Amino acid sequence: MGDYLQAFKVTDKVYWVGAIDWDLRNFHGYATDLGTTYNAFLILDEKVTLIDTVKAPFFDEMVGRISSVISPDKIDYIISNHSEMDHSGSLPKAYSLMKPEKIFASPMGEKNLKAHFHDLPVDVVKTGDSLSLGDSTLHFIETKMLHWPDSMVSYLDTEKLLFSQDAFGMHLAGSGRWYTDYEEYTLRTEAQKYFANILLLYSSKILDLLKSLPGLNLDIKIVAPDHGPMWKGDGIGYILDLYRQFAEQKPSLKGVVIYDTMWHSTELMARSILDGMVAADLEGERINLSASDRSMAITKLMDAGVVVVGSPTLNNNMYPTVADFLVYMRGLRPQNKIGGAFGSFGWSGEAAKQITGILQECNFELPYPELKVKYIPTASDLEKCFNFGKDLAEKLKEKLQ
Ligand code: FEO
């Protein structure tokens, strides 16, 4: 199309034809400081096939990359592994331009795509179904609620390639298409952030999927997710192991204190609570919600055994940033946490109790009542905070013995 954009050759038959969103800084409430990619893949066979599309504003970029390999109107099939708009947003335009013979999706995918785009014709494929493309065959496996009801993965037999849609991905813009193009620290950090913000609620389903993989007898040489770099060789074991660790949610000897503060009283409490935990030999981290956003806080607490949340009382309520974080956390449901609530107040002091209520809803173990201080904490109040942190740390150590 004259855009001078390049596809990236993955194997003899498969090209990456996605888009790089260097500017994305917010993915439905998750701070994506490093941008993202929307990966789409072109399979060259008797039936030319496009695996997923890209977010709507990136349609031209995808078409430019496809055009560097083949004319887009040669595409026979489009597979929609996941109907969320970052992968399906370009589907109506792609259908008009490419005029494919068929679009395929899971049973829920067909319903979801119709609910999004209304008159788009979609054929259904289920777990166990396969689709011959000529030399190669695509096999479909539904992965319901990983992370949408429609989610599925597709396996291309000749290339031993698993198109894993959102699973095993990360929000990371970059010019490299393989995991080997990135430092291990970046891969681990961004995989953890992605898991914490997108997949945490579905941890048990991920463990089920990981357990079921050997039984599927798939010889997988490449894992190609819809975001971030692709995995091959040792990288496949690496990302599967990371996912297993994340999904197991085993608590570590780490405590986080998450809070906001109005006139620094709640902050003084947070500081002493944290020092109490550290004095009891926990690794500790303090997260001020005016300095760190909700997605950083949820990432940091993922492997923590103790999570303590504090807020001043403002107009009989929690501070807005604390309420925002707790609602976000309640949706993602972290497991296996010992918790605590605290806060400074002037006259009514409801916030700490409200925090306790949400931590209870999240099934946190709450061994001690919330800690409240009127206005500015005294030395004796701060000693109580220190001991609160220390006692919570001791509870965790008992639990992990
Ligand atoms: Fe990348 Fe669930 O969309």
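Colleague: In which sense do strands E8 and E9 pair?

Modeller: This is a predicted model, where local features need pLDDT of at least 70, side-chain atom pairs count only at pLDDT 80 or more, and totals for chains, interfaces and linings use all residues. Residues are numbered from 1 along each chain as its sequence is written, and side-chain values use heavy atoms, without hydrogens and water. Strands (E, at least two residues) and helices (H or I, at least four) are DSSP runs numbered from the N terminus, and two strands pair if DSSP finds at least two bridges between them. E8 (residues 49-51) and E9 (residues 77-80) share three bridges, and their sense is parallel.

Colleague: Happy with that! Which residue in E9 is the bridge partner of Thr-49?

Modeller: Thr-49 has its bridge partner in E9. That partner is Tyr-77.

Colleague: And is Cys-385 buried or exposed?

Modeller: Cys-385 sits in helix H12. Contact means heavy atoms within 4.5 Å, and Cys-385 touches Met-269, Ser-272, Ile-273 and Leu-371, leaving aside residues up to four places away in sequence. Buried means under 20% relative accessible area, exposed over 50%, partly exposed in between (1.4 Å probe, protein chains only). Because its relative accessibility is 0%, Cys-385 counts as buried.

Colleague: Nice. How far apart are the C-alpha atoms of Cys-385 and Leu-371?

Modeller: Along the chain, Cys-385 and Leu-371 are 14 residues apart. Their C-alpha atoms are separated by 7.5 Å.
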